Structures are given as structure tokens and as C-alpha cells.
Amino acid sequence: MYHSRAEAFLTRQGVQSATILHLSEQRPLSDQDIARLARFDDVATLHLLASHPSTPPTILVRLARHRNEEIRWGAATNSNTPLDILLQMRTVGRYSTMNEYLVRNPALPEELIREMLQRKEVLLVSVAMNPACPLDLMRQIAEHGQDMEKTWLAWNRNIPPEIIARLALDPSPNVARMLAGNPAYRKFASTKEKTP
């Protein structure tokens, strides 16, 4: 959704197609491109910029305080957003969409992820999306999780071989589809094929 909207907007603004592609696919962006993109007042563009790994903390702080919550959601997922800013974005003690985005951030401390889950500030499915999801929570999801939780865990690029093997046995077509698109699974499957 953000990708197509940003592409349409940026094309109308005369931004080079290579820059648009790098923004959408989270490929490295130059400082000059980042500065130019940050000047636009387009929600889709700024959401993608706020979640982009090339965006420096100085710009992320500004985007994390933006008046538009969708732009703030992007900054909430970015591991370059300073931790003190992330903590300010949290809704303590109750569920919120912002908390769902925050808990997907791989820079969030593990104890905070667990606390947010325990306090029911987030759903387990968002924890499954976090590349730094704790191994015991991955195991819990793979063994006892709902289909949606297992499906998003199957998409997580950092699932270890033991979790991949468990998910590969799951009868859900959603889990199978997500696993098939996961580079970690493809590597696991190719290694398994080479083993006699």
C-alpha cells in the first residue's frame, strides 16, 4: 500500500526511479536522497523513509514526532530510532497500534518485549514478526500458536533451523506459503537436500 502510493507521488515529483526503488526495497540511500525525501509532506513516502535502514537518527527523531501516526509507525519499527524515543512512543499498560509496531523493532530490549506481551499491550503475532523474537517465544508460537502467529513467524528471516523444521510440518497452507518465500527456509531446504 505505502509502496504504490509513494511511487505514484514521487514519480509526479520527478524523483528518479532508482531512488524510488531503493526506498521501496529498503536498499541503501544516499544522504542527498534521504534529505530530499524527508522534505516531502507525503504520508506514504515519509512512512517508508521512517522505516528505512539508511535513515539517520536525526531524521528519525523528527519523523517519530510527526503529527501523522502512520509516519510515526514507520519510525517505531526502525532499529536506528533511538531507544529513548521508542520508549516515549509506547502506550504503557494498554493495547495500541503503536505498541504493535514498536514490538516489531529488533532493537527493542528482550525484557521490554516480554513485558509488553505480559501486559497485553501487544499481540503475539507482532512479536513473531520481530527479527529478534526470543527463541523460547518462537518455540511457543511454532508449537502452540494460532495460524496467523505461525504464518508470520514463518516469514521471519531470523528463524533458526529447529523452528523451520517444526513449521515445515505444519499443515497450514498459509504457513507453507510464507515459509516458501523465506530465504532462511530456502537455505535450510537446500542444505537438507545435500545431506545424504
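R139 is partly exposed, with 32% relative accessible area (buried is under 20%, exposed over 50%, partly exposed in between; 1.4 Å probe, protein chains only). The side chains of R139 and E162 meet in a salt bridge of 2.8 Å, N to O (a Lys or Arg side-chain nitrogen within 4 Å of a carboxyl oxygen of Asp or Glu). This pair links distant parts of the chain, with R139 in helix α11 (residues 135-144) and E162 in helix α13 (residues 161-168), 23 residues apart. Helices are DSSP runs of H or I with at least four residues, numbered from the N terminus.

The model is predicted; local features need pLDDT of at least 70 and side-chain atom pairs pLDDT 80 or more, while totals for chains, interfaces and linings use all residues. Residues are numbered from 1 along each chain as its sequence is written, and side-chain values use heavy atoms, without hydrogens and water.

The salt-bridge count comes to ten. E121 and R90 form one, at 2.8 Å from N to O. E121 lies in the loop between α9 (110-118) and α10 (124-129), and R90 in the loop between α7 (83-89) and α8, so the pair ties together parts 31 residues apart in sequence. E121 is buried at 0% relative accessibility, and R90 at 14%. R90, E115, R119 and E121 are linked in a network of salt bridges. D170 bridges to K150, with the closest N and O atoms 2.6 Å apart.

Two aromatic pairs are present (ring centres of Phe, Tyr or the six-membered ring of Trp within 6.5 Å; planes under 30 degrees apart are stacked, over 60 edge-to-face, the rest tilted). F9 and F40 pair edge-to-face, 5.4 Å centre to centre, with 90° between the planes. F9 lies in helix α1 and F40 in the loop between α3 (31-38) and α4, so the pair ties together parts 31 residues apart in sequence. W73 and Y101 are stacked, at 4.9 Å and 10°. Both W73 and Y101 are buried. The charged end of R104 sits over the Y101 ring, 4.8 Å from its centre (NZ of Lys or CZ of Arg within 6 Å of the ring centre and within 35 degrees of the ring normal). R157 lies over the face of W155, at 3.9 Å from the ring centre.

Methods: Helix = DSSP H or I, 4+ residues; strand = E, 2+ residues; numbered from the N terminus.
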